[in-house]
Amino acid sequence: MRILVVGKVHRAGTSKKGNAYDMTLLQCEFDMLSDSNHAGVSVCEIPVYASMMPFSAFELGVAYDFDFNMSGDLLGIEKL
């Protein structure tokens with residue numbers, strides 16, 4: 001899915017259960033084409049773990065290609 005990064009937030013720490021986490025929450029917009037007569041833009045927030053791509057690597061206003069599996073899990077990221 002081709003997305004445009006419009007915002008980002010870094011979250012890191014330890015959960016109440018004692019599990020460490022380090023992730024970037026990306027605010028993204030992407031095209032929603034229901035058919036040839038109706039076009040629109042949708043906005044969503046996608047969590048990306050630092051092991052996949054660090055916070056500093058994401059640039060605002062830049063397009064990325066995100067690959068998801070059938071379950072909705074993020075598999076890969078490529079800068080366009």
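This is a predicted model: local features need pLDDT of at least 70, side-chain atom pairs count only at pLDDT 80 or more; totals for chains, interfaces and linings use all residues.

1. Confidence. The mean pLDDT of the protein is 88, and 91% of its residues reach 70 or more. Strand 1 has the highest confidence, with a mean of 93, whereas strand 3 has the lowest, at 83.

2. Overall architecture. The protein has five strands and zero helices, and its pattern along the sequence reads β-β-β-β-β. Taken along the principal axes, the box filled by the C-alpha atoms is roughly 50 × 25 × 20 Å. The protein has 80 residues, of which 24% count as buried. Among contacts between residues at least 6 apart in sequence, 35% join residues at least 24 apart.

3. Pairing of strand 4. Strand 4 (residues 63-68) pairs with strand 1 (residues 2-14) in the antiparallel sense, over three bridges. In this pairing Ala63 of strand 4 stands opposite Leu4. Strand 4 also runs antiparallel to strand 5 (residues 74-79), to which five bridges join it; Asp65 has Glu78 in strand 5 as its bridge partner.

4. The hairpin. Which strands form a hairpin with five residues between them? They are strand 4 and strand 5. Gly72, in the turn, has a positive phi of about 95°.

5. The nonpolar core. The largest nonpolar core comprises 13 residues. Ile3, Leu26, Val48, Phe58, Tyr64 and Phe66 have the most contacts inside it. At least two residues of this core come from each of strand 1, strand 2 (20-35), strand 3 (38-49) and strand 4. Strand 2 supplies the largest share, three residues.

6. Surroundings of Phe66. Residues up to four places away in sequence aside, Phe66 touches Met1, Ile3, Leu26, Ile46, Val48, Phe58, Leu74, Gly76 and Ile77. Ile3, Leu26, Val48 and Phe58 are also among the residues with the most contacts inside the largest core.

7. Aromatic pairs. How many aromatic pairs does the model contain? The count comes to two. Phe58 and Tyr64 make an edge-to-face pair, with 5.5 Å centre to centre and 65° between the planes. Both Phe58 and Tyr64 are buried. Phe66 and Phe68 make a tilted pair, with 6.3 Å centre to centre and 40° between the planes.

8. A charge over a ring. The charged end of Lys8 sits over the ring of Phe55, at 4.3 Å from the ring centre.

9. Thr24. This residue lies in strand 2. Is Thr24 buried or exposed? Thr24 counts as buried, because its relative accessibility is 0%.

Conventions
Residues are numbered from 1 along each chain as its sequence is written. Side-chain values use heavy atoms; hydrogens and water are left out. Rings of Phe, Tyr and Trp (its six-membered ring) pair if their centres lie within 6.5 Å; planes under 30 degrees apart count as stacked, over 60 as edge-to-face and the rest as tilted. Buried means under 20% relative accessible area, exposed over 50%, partly exposed in between (1.4 Å probe, protein chains only). A charge sits over a ring if NZ of Lys or CZ of Arg is within 6 Å of the ring centre and within 35 degrees of the ring normal. Two strands pair if DSSP finds at least two bridges between them. Helices (H or I, at least four residues) and strands (E, at least two) are DSSP runs, numbered from the N terminus. A nonpolar core is a set of buried Ala, Val, Leu, Ile, Met, Phe, Trp, Tyr and Cys residues joined through side-chain atoms within 4.5 Å. Contact means heavy atoms within 4.5 Å. pLDDT is the predictor's confidence in each residue, from 0 to 100.
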